[in-house]
Amino acid sequence: MKILVLNGPNLNMLGIREPAIYGARNFDALIAFIEKSAAEAQVEVECYQSNHEGDLVTKIQEAYGAFDGIVINPAAYTHTSVAILDALKAVQIPAVEVHLSDISTREAFRQVSYAGMACVKTYKGLGFDGYREAILFLKDYLSGTAKE
Ligand code: CA2
């Protein structure tokens with residue numbers, strides 16, 4: 001089982017500022033956490049981060065036929081990108097949305113998620129743990145045993 005983990009703009013700056021919202025650990029620590037979580041779940045994982053909307057769209061398109069599931073934190077593009085929404089819909093690969101912070105309790109503009117409209121589940125406000133939960137959920141979902 002192969003899962004693609006996508007991270008959007010500025011997530012590579014984690015740990016540098018706003019630790020109260022996003023935590024104090026840096027992006028390398030996030031990738032290490034995701035890789036460890038995937039290894040424990042016995043799923044193959046590839047991580048990709050970009051600050052560019054089109055690169056994320058291309059990566060989603062390239063996942064077609066190559067990955068079984070997608071975990072995506074589109075970061076700021078969550079709230080703006082119909083292109084990422086359309087790409088997720090086009091490839092029809094089961095996708096789970098993750099946000100480090102609880103976007104539902106933040107500014108009004110963060111409460112719309114376009115990408116989320118093409119995702120089977122969303123984890124928000126769990127910090128790094130959201131990525132592990134998303135991998136575990138996708139593993140069950142792809143095996144046909146997900147609870148919801
Ligand atoms: O909570 C999340 O995971 C977000 O996707 C993070 C995005 C934000 O735009 C979304 O609304 C929610 C921000 C990514 C990282 O931004 C940083 C800002 C300052 C310092 C370091 C990272």
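This note covers the ligand site and the cysteines of a predicted model.

1. Ground rules. Residues are numbered from 1 along each chain as its sequence is written, and side-chain values use heavy atoms, with hydrogens and water left out. Local features need pLDDT of at least 70, side-chain atom pairs count only at pLDDT 80 or more, and totals for chains, interfaces and linings use all residues.

2. The shell. The ligand is surrounded by 16 residues (a residue is near a molecule if one of its heavy atoms lies within 4 Å of it). Asn73, His79, Leu100, Ser101 and Arg110 are the closest. By type, the shell holds 8 nonpolar, 5 polar and 3 charged residues (Asp, Glu, Lys and Arg count as charged; Ala, Val, Leu, Ile, Met, Phe, Trp, Tyr, Cys and Pro as nonpolar; the others, Gly among them, as polar).

3. Distances to ligand oxygen. An N or O atom in the His79 side chain is 2.7 Å from a ligand oxygen. For a polar side-chain atom of His99, the distance is 3.0 Å. Leu100 uses its backbone: a polar atom there is 2.7 Å from a ligand oxygen. The ligand taken alone exposes 510 Å², and the protein buries 91% of that (Shrake-Rupley method, 1.4 Å probe).

4. Cysteines. How many disulfides does the structure hold? The count is 0 (a disulfide is a pair of cysteine sulfur atoms within 2.5 Å). Cys119 counts as buried at 15% relative accessibility, while Cys47 is partly exposed at 24% (buried is under 20% relative accessible area, exposed over 50%, partly exposed in between; 1.4 Å probe, protein chains only).

Methods: A polar contact is a pair of N or O atoms within 3.5 Å; within protein, one must be able to donate a hydrogen and the other to accept it, and residues adjacent in sequence count only if both atoms are side-chain atoms.
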